[in-house]
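Okay, everyone, thanks for coming.

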Amino acid sequence: MTDSVPATPDDSMLVRIRGLTTVLGGKTIFSDLDLDIPRGKITAIMGPSGTGKTTLLKHITGQMRADAGEIVVDGLNVAELSREKLYKLREGIGYLFQNSALLTDFDVFENVAFPLRQHTQLPEVLIRNLVLLKLQAVGLRGAAALMPSELSGGMARRVALARAIVFDPMLILYDEPFVGLDPVALNQVLKLIRTLNQTLGITSVLVAHELAAIRQIAQHVFLIANGKVVAQGDPKTIADDGSPWTRQFFGGEADGPVPFQYPAGDYAQALGFAGAAK
Amino acid sequence: MNQRISQDNNVVIQSLTQIGNCGLFLLTLLVAVPRSLRYIRETIRQLWFVGAMSLTIIMVCGLFVGMVLMLQLYHVLSIFGGTSASGMVVALSVYRELGPVVTALLFAGRAGTSITAEIGLMRATDQIDAMELMAVDPIAYVATPRFLAGLIAMPLLTCVFCAMAILGGHLVGVTWLGIDNGTFWSNMTAQVDLHTDIVNGVLFKSLAFGAVVSLIAVFQGFATPPTSEGVARATTRTVVASSIAILALDFVLTAFLM
């Protein structure tokens, strides 16, 4: 077993997923899924709830193993990496959790400093300057002494973003970054994602449902449903591609390829009208 | 009837599975000890939290256990005219059994539950996952320091408990009931054996109890489903499992050490 695979012919892809198959609790989440994420771009992954968008991010970070298929990040096959090499790869990946996942024992400053303290031997003055630099970038230098419990949802997400970029990663994965944000906070997060991508060239992957927000910043959208990519393309035109999946998802239709009813037995029989079922 | 037997079997299988998983978790913890040495500050922080912060309850309870023990013994021994031996009996009871066992039970209630709840909530709020993604090993950073802190804190807390219990016994016996101060101390020092009572009774047992309670607390925190109900159940399981384990282990250790 080797820890890496030969560089792909198309080196412009930072993440390359081939034949991904995942079964959880007897339910097929992904079935032979193929997906490429280009370097330096903002890619959005959309789809109905429960289709495995967060699971896909967990595959990319190596938190979850697939039943079949290959996930290659920056030329490294994630499933074949040793623990040390996987951790080394993760140092180059930032992850923004939906609920921010700030360490509740530490204040804002220490949360952002945490990765630096764990992985470097930098002098305290340098750590301080780096943390203040990142906090300034997300507009929260003045909140450095606050505890996570004192932050609003939008502020917590910006602190988590500052922590995610503290090592200037090559890739940032955003798990539903706009959920629960008011329009002001949403625009602040949007602006930050765009700025990080444009100024630092960080590859960004967004899992989100907000098409209006995605249209403003993403360069490519994947629509996932039924364990596969059912549509992909430019976020400005994908909603008009005419497929029943895009029509239902972007049109917000209650019923369609994604059924309104969760799979169940015969309704009449469940109500006790056994004869009516026939 | 068959359904009842099947349910009983399920409970037995689940319990055995939990014990097996807990054993595997202990191996994982021990393997992570060298890696966790770089987080020595975290171990010290946990030692403060589970040790120093438990001092008040340990001291107060130790004092009252010693006081009530002396009160009971004085009245029983006075029937036989043996009240002069009260101090010695208090000391032996505390060193051999009550000190390590009551300290461990209090430790499970005070520190064990908070360890489980803290780790469970860290899981529920994705803090453990966040550490993993920041390339920080949560077993080495979160689990092992808490386990080691419990292991170190328990013998120290037991010593404090024993000292306070003897003080409580002295207060009631000598100050209140009028036992001669010299008799109280001389009988105690003459009968208490350093190896049998202090090393085996206090230190060895408390180390074993510290390991068991800390292991159960940390394991339950990591094994709990990341929901509020899961955390509540795990916290309860920590107290129940720790209490049973302490008393069962106490019997086994006493049988071997006596």
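So, first stop: B:Val160, which is partly exposed, with a relative accessible area of 25%. Keep in mind that what you're looking at is a predicted model. You'll find B:Val160 in helix 6 of chain B.

And what does B:Val160 touch, once we leave out residues up to four places away in sequence? That would be B:Leu55, B:Ile58 and B:Met59. Take B:Met59: in sequence, B:Val160 and B:Met59 are 101 residues apart, yet their C-alpha atoms sit 6.7 Å from each other in space.

How far does the predictor trust chain B? The average pLDDT for chain B is 92, and 98% of its residues score at least 70. Helix 6, residues 138-176, is where confidence in chain B is highest, at 96. Helix 1 of chain B, residues 2-36, is where it's lowest, with a mean of 86.

Staying in chain B, let's look at a helix pair. Helix 4 covers residues 86-124 and helix 9 covers residues 228-257, and their axes are 9 Å apart, at an angle of about 155 degrees. Anything over 145 degrees counts as roughly antiparallel, so that's the label for helix 4 and helix 9 of chain B. Helix 4 of chain B passes helix 9 of chain B in a right-handed crossing. Among the residues making that contact are B:Ala104, B:Ala108 and B:Gly112 from helix 4, and B:Thr238, B:Ser242 and B:Ile246 from helix 9. By class, the contact between these two helices of chain B has eleven nonpolar residues, nine polar ones and two charged ones.

Now over to chain A. Chain A has nine helices and ten strands, and its C-alpha trace spans about 80 × 45 × 35 Å along the principal axes. It has 278 residues, and 47% of them count as buried. If you take the contacts in chain A with a separation of 6 or more, 64% of them come from residues 24 or more positions apart.

Last stop: helix 1 of chain A, residues 53-60. Why call this helix largely enclosed by the rest of the structure? Because six of its eight residues are buried. Those are A:Lys53, A:Thr55, A:Leu56, A:Leu57, A:His59 and A:Ile60. Just after helix 1 of chain A comes A:Gly62, with a positive phi of about 80 degrees.

Methods:
Residues are numbered from 1 along each chain as its sequence is written. Chains are lettered from A and ligands numbered from 1 in the order in which they are written. This is a predicted model: local features need pLDDT of at least 70, side-chain atom pairs count only at pLDDT 80 or more; totals for chains, interfaces and linings use all residues. Side-chain values use heavy atoms; hydrogens and water are left out. Axes are lines fitted to C-alpha atoms, for helices over the stretch in contact, and angles run from 0 to 180 degrees between N-to-C directions. Helices (H or I, at least four residues) and strands (E, at least two) are DSSP runs, numbered from the N terminus. Angles under 35 degrees count as roughly parallel, over 145 as roughly antiparallel, 65 to 115 as roughly perpendicular and the rest as oblique. A crossing is left-handed if the near helix is turned anticlockwise from the far one by less than a right angle, and right-handed if clockwise. Contact means heavy atoms within 4.5 Å. Ala, Val, Leu, Ile, Met, Phe, Trp, Tyr, Cys and Pro count as nonpolar, Asp, Glu, Lys and Arg as charged, and the others, Gly among them, as polar. pLDDT is the predictor's confidence in each residue, from 0 to 100. Buried means under 20% relative accessible area, exposed over 50%, partly exposed in between (1.4 Å probe, protein chains only).
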